[in-house]
Amino acid sequence: MKLALLDELREKNPIAYNISNFVTVQDLCNAVNAIGASPAAAGGAEETGEAEDLTKICSSLTVNLGAFVDPRIDNIDTIMGFANQYQKPIILDPVAVGASPARKKRAEALLDRHPVAVIRGNAGEIAALAGADWQAKGIDAGEGSADPVAIAKDLANQRHCVVVESGKTDIITNGSVVVKVYNETDLFKLHVGSGDMLSSIIGCFCGITTDYFEAAQVATGIFSTTGELVAKTVKATQPSAFAASLIDDLSWIDVATIEKQIRFD
Amino acid sequence: MKLALLDELREKNPIAYNISNFVTVQDLCNAVNAIGASPAAAGGAEETGEAEDLTKICSSLTVNLGAFVDPRIDNIDTIMGFANQYQKPIILDPVAVGASPARKKRAEALLDRHPVAVIRGNAGEIAALAGADWQAKGIDAGEGSADPVAIAKDLANQRHCVVVESGKTDIITNGSVVVKVYNETDLFKLHVGSGDMLSSIIGCFCGITTDYFEAAQVATGIFSTTGELVAKTVKATQPSAFAASLIDDLSWIDVATIEKQIRFD
Amino acid sequence: MKLALLDELREKNPIAYNISNFVTVQDLCNAVNAIGASPAAAGGAEETGEAEDLTKICSSLTVNLGAFVDPRIDNIDTIMGFANQYQKPIILDPVAVGASPARKKRAEALLDRHPVAVIRGNAGEIAALAGADWQAKGIDAGEGSADPVAIAKDLANQRHCVVVESGKTDIITNGSVVVKVYNETDLFKLHVGSGDMLSSIIGCFCGITTDYFEAAQVATGIFSTTGELVAKTVKATQPSAFAASLIDDLSWIDVATIEKQIRFD
């Protein structure tokens, strides 16, 4: 894993364009800022001209399907089209597609029309898009009998992209090779928006290299390892303190520290 | 007061569907998560199909009329209709209806069309809906000459629902019986969104019992008591530290701790 | 600088109406609340009737062009019209106008139609509106060769308003007189939304005096000085801790403390 990408990210300070859900958007922006990129979060609410302006100057586009501020699927479709046109990698976070057939249909329509670089979701979301047998629970992962690794590989092959399935063990795959990151803490789940943050940080790294599989591994490794380190400094019952320290620590975490703590294969 | 509902809530982990205002929505979701439910917050922005999907899987719907992301009253009307159709209790938070006659009219139109389980507001909001003499001040409660208990009972009888009027003393009534919770801290008022959080936590408890009067009491008792306990650990000039610790402490607070501290009659 | 305006603000507790971006809106409301005003943040999403109600009862209107929740430029235009009609001062925060020509055009159209009391932006935003040579970078200030003071004076003269250009040194000008505030910390830049907060606090002070130049100076002086004081209590790598303490300290900061620490000329 080329963790040195972190230094390169901070040097290049890429503009990370985010269509975010309005629940967790400030966290995303602060995390993006902390890790060393420059957030532009217009929420999919921007006019076409503005969206094209922002696409031109950005290095990547992260699309979070959580709670957008309108039934503005048409607008998101247009912006994803701009990203393809200007060759900016798209990172898709298909929030809660396992909880609502209508939402899943919308996410699939977007994926049918626009190639993406990375899809990042929890087990329930990835399973829903892969068409696997799984029972999601609202925004939570839920549970299923299928093999998470096989599901992630399936989806990566179906959509010709990198898939990141985050959870206790994070699975990153390009459809053939699989990398697993074992660093974790239950506090990620207790704080709403941890997954959204990871998607946006993957977006930052996809903005500085065309090797999206490498970018996704590094982003996930840094995020999960930093979270695990932060968790040692707060109690298991302090999701707010955890979230604040997570952003703080993303602003100084360095390659040497990550290398010492990361566990992956 | 059946405080043991807290243990039942954590065991059942109900999905709490929230149409939230975009100002305080992340706090709401984190509070809902902390107390032991699973938040689904699409902000009233969802398409009809998605709204119906979410209504089917949720245990309750909390509608916050604060700052919705559009003049989407029609959409909210549709979702409240789904909640009635699928027999999911609705909790209405009529933010600032005392500050704007136009907003009050919209809230009343919703109440005329859809029976709700609970209305939760401050003195100014409850007075405005009850048609009582009161001078609200923007989003703040303001002051009036009428008797708050009589006003709350009036509104409960007019709308055939439970009314929670939160403030220094919280008043919970079904129109005949009145319960008062005395735990309090001025920090609730200094942090924007405390009332919104309470409404959503009432929503969580209404998702596990059909006795909405009991659910409203327990939710209010736990929230106010936890806030009072947190206030002892921060200074009166630390609204941010208070808000963070409030969410943290909601994640571990237990029946025994509440029982020792709660003051009500 | 009439710092005693702070005491007057807390006594009058004016209603500060905010059309905020959804990224930082809760921070804004908490900062407005902490400094001693009463926030009303409906995000430009309100219906015409509600917008008129809120304009009537407010003391000032702060319009943040960051990420509004819709391409609702028409709605914002209407509300700024109400503010002019009811003689409420408007504070405009032209977020990222340097990053997108389309956005700049929208901001200029609003300024062409509605006189404003204050424009608050970073160097890149002020330069874009003044028509100066400058290279903004997304939401960040970027860099240019022109003289920031001359640019700020230019814009103030072009738009007949007060201009606040915030940065390491804050420049406040009415087009002829220039005041500079030197208090600062890099943490302002590391936390997304610091500038938005300042705009809204300027809005609070414009709500209690018609001397908007004085109001802008006092608001900027208090905000930057408080930030510098808070920065001494946290590490340079703690943007989240900084943001939380900033809101906390705004709630108690007093004239005597500011007077001891402020550096301006």
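User: Which residues of H11(C) are buried?
Analyst: The model is predicted. In it, H11(C) is mostly covered, with 9 of its 12 residues buried. The buried residues of H11(C) are Pro239(C), Ser240(C), Phe242(C), Ala243(C), Leu246(C), Ile247(C), Asp248(C), Asp249(C) and Leu250(C).

User: How many Å apart are the end C-alpha atoms of helix H11 of chain C?
Analyst: Helix H11 of chain C covers residues 239-250, which is 12 residues. At 1.5 Å a residue the helix should span 16 Å, and the computed distance agrees. The end C-alpha atoms of H11(C) are therefore apart by 16 Å.

User: Is Ala40(C) buried or exposed?
Analyst: Ala40(C) belongs to strand S2 of chain C, residues 38-41. Its relative accessibility is 7%, and the cut-off for burial is under 20%. Ala40(C) therefore counts as buried.

User: Leaving aside neighbours within four places in sequence, which residues is Ala40(C) in contact with?
Analyst: Ala40(C) and Leu61(C) are 21 residues apart along the chain, and their C-alpha atoms are separated by 9.5 Å. The contacts asked about leave aside sequence neighbours within four places. With that exclusion, the contacts of Ala40(C) are Ile15(C), Ala16(C), Tyr17(C) and Asn18(C).

User: Where in chain C is Asn13(C), a residue with positive phi that is not a glycine?
Analyst: The phi of Asn13(C) is about 45°.

User: Is His160(B) buried or exposed?
Analyst: His160(B) sits in the loop that joins helix H7 (148-159) to strand S8 (162-165) in chain B. Its phi is positive, near 50°, and the residue is not a glycine. The relative accessible area of His160(B) is 70%, and over 50% is needed for exposure, so His160(B) is exposed.

User: Which elements of chain B are included in what covers the buried residues of H4(B)?
Analyst: H4(B) spans residues 73-85, and its end C-alpha atoms are 18 Å apart, in agreement with the span for 13 residues. Its buried residues are Ile73(B), Asn75(B), Ile76(B), Asp77(B), Ile79(B), Met80(B), Phe82(B) and Ala83(B). Their cover includes strand S1 (15-19), helix H3 (48-57), strand S3 (60-64), strand S4 (90-93) and helix H5 (101-113).

User: Which residue with positive phi follows H4(A)?
Analyst: H4(A) has 13 residues, 73-85, and reaches 18 Å from its first C-alpha to its last. The buried residues of H4(A), including Ile76(A) and Met80(A), pack against elements of chain A, among them strand S3 (60-64) and helix H5 (101-113). After H4(A) comes a residue whose phi is near 55°, Gln87(A).

User: What is the radius of gyration of chain A?
Analyst: Chain A comprises 12 helices and 10 strands. The globule rule gives 18 Å for its 265 residues, and the computed value is close to this, so chain A is as compact as a globular protein of that length. The radius of gyration of chain A is 17 Å.

User: What percentage of contacts in chain A between residues at least 6 apart in sequence join residues at least 24 apart?
Analyst: Of the 265 residues of chain A, 66% count as buried. Its C-alpha atoms fill a box of roughly 45 × 45 × 35 Å along the principal axes. Among contacts between residues at least 6 apart, those joining residues at least 24 apart come to 71%.

Methods:
Residues numbered from 1 in each chain as written. Chains lettered and ligands numbered in written order. Predicted model: local features only at pLDDT ≥ 70, side-chain atom pairs only at ≥ 80, totals over all residues. Heavy atoms only, no water. Helix = DSSP H or I, 4+ residues; strand = E, 2+ residues; numbered from the N terminus. Buried < 20%, exposed > 50% of the residue type's maximum accessible area, 1.4 Å probe, protein only. Rg over C-alpha atoms; globule rule 2.2 N^0.38 Å. Contact = heavy atoms within 4.5 Å. Expected span 1.5 Å × (residues − 1).
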